[in-house]
Protein chains: 4
Amino acid sequence: MAGNGGYRVRRLGEGTFPSPVEGTYFVGEDTGVLVDATIEGCRNCKGVQPPYLEEAGPRRRLHFDPPRTGVAIVTCGGLCPGLNDVVRALTMVLWHRYGVRRVLGLRYGYEGLVSAFGHPPMILTPDEVADIHQQGGTILGSSRGPQDVRIMTDYLVANGIQVLFTIGGDGTQRGSLDIAQEIERRGLDIAVVGIPKTIDNDILMTDRTFGFETAVAMSRGPIAAAHMEAKGVRNGVGLVRLMGRESGFVAAYASLASSDVNLVLIPEVPFRLDPVLQWLEHRLERKSHAVIVVAEGAGQELVLESGKDASGNRNLGDIGLFMRAAIRSHFAKAEKTANVRYIDPSYTIRSATASADDSVFCFRLAENAVHAAMAGRTGMVVGLWNGRFVNVPIEQAVATRKKVDPGGSFWQSVLNNTGQPAVLA
Amino acid sequence: MAGNGGYRVRRLGEGTFPSPVEGTYFVGEDTGVLVDATIEGCRNCKGVQPPYLEEAGPRRRLHFDPPRTGVAIVTCGGLCPGLNDVVRALTMVLWHRYGVRRVLGLRYGYEGLVSAFGHPPMILTPDEVADIHQQGGTILGSSRGPQDVRIMTDYLVANGIQVLFTIGGDGTQRGSLDIAQEIERRGLDIAVVGIPKTIDNDILMTDRTFGFETAVAMSRGPIAAAHMEAKGVRNGVGLVRLMGRESGFVAAYASLASSDVNLVLIPEVPFRLDPVLQWLEHRLERKSHAVIVVAEGAGQELVLESGKDASGNRNLGDIGLFMRAAIRSHFAKAEKTANVRYIDPSYTIRSATASADDSVFCFRLAENAVHAAMAGRTGMVVGLWNGRFVNVPIEQAVATRKKVDPGGSFWQSVLNNTGQPAVLA
Amino acid sequence: MAGNGGYRVRRLGEGTFPSPVEGTYFVGEDTGVLVDATIEGCRNCKGVQPPYLEEAGPRRRLHFDPPRTGVAIVTCGGLCPGLNDVVRALTMVLWHRYGVRRVLGLRYGYEGLVSAFGHPPMILTPDEVADIHQQGGTILGSSRGPQDVRIMTDYLVANGIQVLFTIGGDGTQRGSLDIAQEIERRGLDIAVVGIPKTIDNDILMTDRTFGFETAVAMSRGPIAAAHMEAKGVRNGVGLVRLMGRESGFVAAYASLASSDVNLVLIPEVPFRLDPVLQWLEHRLERKSHAVIVVAEGAGQELVLESGKDASGNRNLGDIGLFMRAAIRSHFAKAEKTANVRYIDPSYTIRSATASADDSVFCFRLAENAVHAAMAGRTGMVVGLWNGRFVNVPIEQAVATRKKVDPGGSFWQSVLNNTGQPAVLA
Amino acid sequence: MAGNGGYRVRRLGEGTFPSPVEGTYFVGEDTGVLVDATIEGCRNCKGVQPPYLEEAGPRRRLHFDPPRTGVAIVTCGGLCPGLNDVVRALTMVLWHRYGVRRVLGLRYGYEGLVSAFGHPPMILTPDEVADIHQQGGTILGSSRGPQDVRIMTDYLVANGIQVLFTIGGDGTQRGSLDIAQEIERRGLDIAVVGIPKTIDNDILMTDRTFGFETAVAMSRGPIAAAHMEAKGVRNGVGLVRLMGRESGFVAAYASLASSDVNLVLIPEVPFRLDPVLQWLEHRLERKSHAVIVVAEGAGQELVLESGKDASGNRNLGDIGLFMRAAIRSHFAKAEKTANVRYIDPSYTIRSATASADDSVFCFRLAENAVHAAMAGRTGMVVGLWNGRFVNVPIEQAVATRKKVDPGGSFWQSVLNNTGQPAVLA
């Protein structure tokens, strides 16, 4: 593995083929980006080399010979803006920069690596992928869940694949690692390189993930709608549920981006129902309307403990519907009015085309994934760290989830923007 | 009443004040637009004058003296794109063209005409309304349902209102007619002029209503999302519920506009569940994905008769949720896969800002409403008929609902576009 | 020719083949739409049948046998939103509704009908055109100007074409008529049916043309930009040039749609430079900013008579640049400030994808063009008149240009909206 | 000055007032972000503390007593997306978080600090600024160029201003430094804190500047238009001029974001005309269309040396017009066709509202500017460095310009994306 300590990236072997492109930008074998870029980080490591991530980028010598390299691409899990940008960029860079001529698009996630499903792969060429970034979704199709690692490895061997690109979230990347380890056990010469895909932006060791910014941008419309609906009636409450199972980045960023949200609830900041309802009563008395954003993973303990929702119905399992019921029930009991309008825009957000900035990011992520794989890196994902693209061992990326720090600078910005109470527990 | 037969518009009296604008476009007292512009219509009326609608527009002589005229504006019912455009244009035209200086914006629908609610009106001036068309919703707020006609009429008298503009749907316009009739009973000199507001486009005697085109445009995103979601998994079914309680114009137009819809269900075209599910099975076998659009009022008899939904749960009262459950249940029983993604974008659509074309339409509707009221017309709404703005007695506008004709040219276009079976019953 | 007087549409002969679709909507042979739908029109024609246009739509009997019919489609002139929608819809309706299996897309306008240019045609199938409406421009390419009618007719014969669809403006349609007449002279059985394409909306006998609404919608952004630029500096003047060589519909509608324009200049309303500049001085004194929209054909006599522009430079031949120079020169002489920001968004507007409403319109226009051609109509264009689709002889459509009536209702709306002086001459 | 070496930020004095907000996130006095976050940077500084930037954020103790602090805000130079977001956020954070109650919005750039211009300032309150982020431009107005430093300092004293926020580019920030130094000379207790505004993203020591991402996003439409125009005719050349006087970030990012650009020319990469024209000939022969993006500052030496443009006309001083003329002239001489469509969308881009991501960035920049000023920092700008907000001495920010590195990773991505030759000189 390249890099230091736990940040070393696995390598299949030394580079034996020259890069087909001459005289341009290449990355040396020992450049890296500090894990901690604060002065404190530097102070603590006096005398000892501080931990760093291998810098991503093209190497002068390749492990695979491009014209004889078979490549497969697979997209897994839920939709995310930019999937087609990544598939397109992988194909384009493989083809034009490296001269690879055999790129397969496996269908419907890891099912595409299991012959029994009978999904024939797509043949990807520059012509085939030229315009796919102009539509959302994934032209390859996707599916959830793992498949048998041995069967998938058999598939790679049987189909002459030397490089597998997996585009998916932490579950997918754990699957990638399993495949890489099975490959190692069998002594095969196949690279597995992941491009982390999480619209929630909750993967470690990368400043952002593709699709996240687009999701934030696409959340603006529904939040504006909630705002208009709330102001359009007396005591209107616009309630929007956004993505974020374990991390509230989308909800919090989208609230900051719209500046019309009065309360945002995220998984990282626990709350109790009573103070929220009291805050809402107070808000409606003063302003006659309110806008609330909830991340889908917020307050799950409330939903669970209720067993039933606030109206006495069975558990809804959905914090948005739970909050709608709780508000209605509370105000009905108090003989007050709250006109709740509930919006759940998730499908519309995640199937959107990538924003301009995400398109650039997707292209560069894909480029660096290709560089890494052609240079023989494996069991890794590409990321962005302190402004540079890096190669990250999968173990580091999926060790735990990236979370909003309730005591940090970003959440403080959210509190300053919404004006909501810091504590609702 | 001006105009012929049932199309004659009520008048408060003759015009006694000269229009403050000289030398420009005016409409004569006896111009009109044929109700039936086909050659058949003309053939049938040989010798007899065929029915026509009074042409809308500025008259040379006014019934009200602008500087002494108090005006009130009220918005009622659900949100609709363009409400603020209409409020803005009414204010601007009253102020700049006619010199009216007292324009009240009544708050929260007909509640604003009932003192007991205690909603003080807004004072509307050009400065106040200058930018309101750039946001959705209504700056006046809205509410549903009627209020006591006598109390509302008392309010007009007590507040020195000579002209009331009501922006609302058929219920609102029936209320307007009640007020106009109460005014007539009391012998008051107050005009009540409506601007029909129905995002469903289901009011008679007007080719279109404001907000409808915007709703169609705003439906494209959710339909595209459904399409991407459907193609992103094996046997994906994108299911979108759109507006349309009694008339399927939004659903049908939006389907035509996107050209990605495979089946659209509207209230005017009855269907049975079995043929729909068989069609879907067949479609998924051939294409592996499908996009279905349902108007909210489609198949209500199915929802009602089921008592329970297809899974044996209690009645959902929502055709979208009903269809989702029915599809899931059917495919589960058949041991087949259908991955349904359900999108209900209603709030996001109806709270949007008006499209360019709707903004133009709102301005011209409002202009003509002002012209009509200042000339002493009452108990009427403004409309667009055969390309010209017209004054329509409220009775004609709300006699029944405008519907999609399943045997007509437009529905045939939908069938040609979606390729769906003409009969699913 | 079907229809009455000059409105009769040419026919190749009677229908001899049954329509392949049974039991649906069909139009009778003698239905029509009144040319004049006002009551005045009806009064004038007492006893005599008033002029009417043949209603468009599917006929029960066809002139051409679909499986043996070769069809060609050509797009001519400048880009216009919706071109690909029309090409797509023609192909889809020909294929799915009628069973035509040979549809050629001729390349680069009328050049595609001239073998010497060597542009091989595209083979159009439903798969080929499925997604083309999602991009602007024309997949067929286009060119300006006529080609030799005999050579083009030879091409149709040589390539087994029975139906030619021409999508283009008045010049193109005059060319279509020439081809239809040459076909008639030679006694050939070939239909030529046009879909009028003019972003300026200046063709007669149709209420609107496709792309026009999109152009209006796309003009909003540049006008808003001009507004922001004008307000961002002292005495800022935002100047926007929009389409409209002979008719000012785009400029006038776009101004109405934005409600931020203070002066709109169109070809139909002559003006002199001095009163415009005096108006501007006065406006800047009061408000410190102004937004002016000019149609490209406005004030051409000023540009021509100047010989030189206001700064003494050579004639710019462009009213936008002319006005910019005139304003700068005038304020410089008067030792006053006017910070002019000039925006010419034409290419960005005309290459846009069609708006939702235009997409619907394109589909229905194309549908009706197919219906007309299959029923043997020729030398005609499809249009929309008084809310119904109609077949219009080319001579009627191109007899003169549709213009904004400076004494009519629409221009009065513009004056009411902008507040500009009615007379600037 | 806080911080080390040249990165130390000036301070007016120690904090004497407690922060009005308790128990939340605060930044310590000695936290910082490494200037160089690579492992090489760390290796080189063994034993010595490496250079770092002071971390931005709220301090526990303030230099100014909020209720007695007068604040002024000024926007200078050309429009940039996000100006109103910054003005709004400064006002909101001053008011709600700190309790400042006197915030003046100075009009028309530095002119607003010169009494002789007679521009009365706006009084900024939360109500006044609540919705301003929904429009582009700047509600304060702007102007270019410096004013007399002594007169501006007099203005601050005379109007009881303790904190001046300057939103502007490098010229503006040099002016800010002059004011800060004049304040120091006079021994006044006034802080001057800048928020760097450059749509070109060319200021040092900040990873990005606000408005840049929006500019990239807004460039997509014009590039797509150029693409459609180019494909719509034979040998079509879409030519788009984008912002970038000295640095090509907008042009290069926008090209990457669209993936439809075949050649992008920026100031940092010199080129000669002949190889560009030969490349274009070759491209048109193969593909029949091309899309070229030029940054406004690209190839200025060519424009200058030509004296005349390629057609023999006088120097156009505009690389876009120069390239258009050069292409036309070259192809005319070669008796070949190139149909050039030239688009200059600058005003439409820079006057746009901020994208979602830029809105978040604007809020956080403004927040940190307020934190810095209230804690007594002066002569500095806020920036983002290695993912953290930092306080940067103005000298460091404007020392030179940030440029695209032609030998670096980003430009390599552009070459990989466009496929253009690395060398055209």
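Predicted model: local features only at pLDDT ≥ 70, side-chain atom pairs only at ≥ 80, totals over all residues.

**Stop 1: a strand pair.** Select residues 236–242 of chain A, which form strand β11, and then residues 289–295 of chain A, which form β13. These two strands run parallel, and seven bridges join them. Want to see who faces whom? Click A:Arg241 and you'll find A:Val294 of β13(A) standing opposite.

**Stop 2: the whole sheet.** Now widen the selection to the four strands of this open sheet in chain A, in the order β12-β13-β11-β14. The pairing is parallel. Which strands stand at the edges? They are β12 (263–265) and β14 (339–343) of chain A; each has a single partner strand, so one side of each is left without a neighbour in the sheet.

Stop 3: Select residues 249–258 of chain A, and you've got helix α7. This helix lies across β11, β12 and β13 of chain A, and runs at about 150 degrees to β13(A).

**Stop 4: zoom out.** Colour chain A by its domain assignment: domain 1 is 5–210 + 354–397, and domain 2 is 215–350. Their C-alpha centres lie 37 Å apart. Where they touch, domain 1 of chain A brings nine residues and domain 2 of chain A brings 10 residues. On the domain 1 side, that contact is made up of four nonpolar, three polar and two charged residues.

Notes: Residues numbered from 1 in each chain as written. Chains lettered and ligands numbered in written order. Pairing = 2+ DSSP bridges. Contact = placed C-beta atoms within 7 Å. Axes fitted to C-alpha atoms, helices over the stretch in contact; angles between N-to-C directions. Domains from an automatic or database assignment. Nonpolar A, V, L, I, M, F, W, Y, C, P; charged D, E, K, R; others polar.
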